[in-house]
Amino acid sequence: MGRSILSHFLILSNASPRSISSSRPSGVHLSKCWSRTRAIQPQRRRRIGDNLRCLCTVAVSEPSTSETSSSSVKKRIVSGVQPTGSIHLGNYLGAIKNWVDLQNTYETLFFIVDLHAITLPYDTQQLSKATKDTAALYLACGVDTSKASVFVQSHVRAHVELMWLLSSATPIGWLNKMIQFKEKSRKAGDENVGVALLTYPVLMASDILLYQSDFVPVGEDQKQHLELTRELANRVNYLYGGRKWKKLGGRGGAIFKVPEPLIPPTGARVMSLTDGLSKMSKSAPSDQSRINLLDSKDVIANKIKRCKTDSFPGLEFDNPERPECNNLLSIYQLITSKTKQEVVEECGDMNWGAFKPLITDALVDHLHPIQVHYAEIMSDTSYLDNILADGATKASSIADVTVNNLYQAMGFLRR
C-alpha cells in the first residue's frame with residue numbers, strides 16, 4: 001500500500017486526527033444536487049485535475065469522547081500500504097503509527113494493497129514475501145487484530161469486481177487529469193506504462209467505497225484521489241441509487257457512503273534524508289534517503305551521520321530556508337512524543353554535532369521493540385497466515401454486500 005492509500009493514505013501525526021466534514025448532505029441527495037447544478041453553476045463543481053477545488057466546508061473538529069461513546073456503532077476507517085517489504089519511517093509515522101491510535105476509536109480495516117503494487121514493473125519472485133513482511137510489520141508496529149481487521153487486498157475479490165463496475169461510470173477525462181499518472185507516465189515512457197497506472201485511482205475508489213468507509217486517512221499527495229472517490233460515489237449514487245434502485249427491488253437511497261478525509265492536526269510528510277523538499281519514498285534510488293523500520297543500529301547511525309543538513313546556527317522548525325532542519329526536528333518530535341515547544345527548548349541551541357547522536361539514539365530506542373516483535377511474528381508464519389485469512393473473511397462479509405447491492409442497482413441478473 002510504495003504509495004500509501006491508504007501510502008495511499010498517509011498521515012504524519014500520532015495524535016487523534018481531525019475530520020473535514022462537508023456542509024452538504026452526502027449520499028444520493030448530494031449527487032442529485034451536483035447533477036442538477038452542474039449545467040447552470042459550473043463554477044461550484046469540484047474539479048478533478050491540476051486545479052483541484054473541494055467544495056467541502058473546512059469545519060475542523062476533533063472527535064470528542066462523548067461523540068464516539070454515545071453510539072454503539074463506531075465510524076469506519078480503511079487504509080493500507082503497498083507491499084515492498086521495507087516499510088520506512090515515512091510510512092510508519094505517516095500512516096501505521098496513527099492506525100494504532102485510530103483502532104481504539106474507530107472500526108478499522110487495514111490491508112496490504114498488493115494489486116496496486118503491480119501498476120509499475122515489479123519483481124514477481126518477491127511480491128508474496130513482501131506482502132507477508134508488510135503484514136508482519138503492521139502487527140509489530142502495534143496494530144491489534146482484536147480491534148482491527150488486517151488482510152491482503154487480492155484475498156478479497158470484491159475489490160476487483162467493484163473496480164470494473166465503477167470503471168463503467170468513470171469518465172476517462174477524470175483519469176487523464178490525475179497528477180500522479182502524468183508524472184509517472186512521463187518518467188517511465190508510454191511503452192513502459194500499462195493501463196493499470198491510469199485506472200488505479202478507480203481501484204483505490206473501490207478499496208474505499210467497498211467498505212462504506214466514513215473516513216479515509218489521507219496525505220497531501222492523495223487528496224486528489226480521494227476527491228475522485230467522492231465524485232465517483234456521488235455519480236454512481238445519482239445514476240443508479242434512490243428510486244431507480246428501489247424499482248429494481250433494492251432498498252433505495254444511496255448505494256455508497258461518501259467518505260470524508262481525515263487529516264493530521266499538524267505537519268506535512270516525512271521528507272527524505274538527502275533532500276528536505278522531497279518525500280521519503282521507497283522508490284528513491286538511494287537507500288540513504290530513508291530510515292527503514294528494520295534497519296540496524298549501525299545503519300541508522302550511519303544514515304543520520306551522513307544526512308543532509310545546513311550551516312545555520314542553532315535548530316528551528318518552519319524556516320523555509322531550512323527544510324532538512326525542520327524535517328529532522330519533526331521526526332524527533334514524533335518518535336519521542338514530545339510537543340513542538342519541548343523540542344525547541346531542548347534542541348534550539350544545539351548544533352548538528354550534538355543533535356545527530358540524540359536523534360539516532362531516539363530512533364534506535366523507538367524501533368528496537370518493533371524489530372523484536374517482527375522477528376517473533378515471522379518465526380511462526382502459520383500465525384500470520386491465520387490472521388490474514390481471518391481478516392479477509394471479515395472484510396469479505398462487508399464487501400460482498402456492497403458489490404451485490406451495486407449489481408442489483410445496475411440491473412444485473414441476480415446470482
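These legends walk through a few close-up views of a predicted model.

The model is predicted, so local features need pLDDT of at least 70 and side-chain atom pairs count only at pLDDT 80 or more, while totals for chains, interfaces and linings use all residues. Residues are numbered from 1 along each chain as its sequence is written, and side-chain values use heavy atoms, with hydrogens and water left out.

**View 1. Confidence along the chain.** The pLDDT, the predictor's confidence in each residue from 0 to 100, averages 82 over the chain, and 79% of the residues score at least 70. Where pLDDT is low, the predicted coordinates should not be read in detail. Helices (H or I, at least four residues) and strands (E, at least two) are DSSP runs, numbered from the N terminus.

**View 2. Helix α8 and its kink.** Here is α8, residues 195-209, whose 15 residues reach 22 Å from first C-alpha to last, close to the 21 Å expected at 1.5 Å a residue (1.5 Å times one less than the number of residues). A kink of about 35° is centred on Pro201; the bend is the angle between axes fitted to the seven residues ending at a residue and the seven starting there. Of the 15 residues in α8, 13 are buried (under 20% relative accessible area; exposed is over 50%, partly exposed in between; 1.4 Å probe, protein chains only).

View 3. The structure holds zero disulfides (pairs of cysteine sulfur atoms within 2.5 Å). Cys325 is buried at 0% relative accessibility, and Cys347 is buried at 1%.
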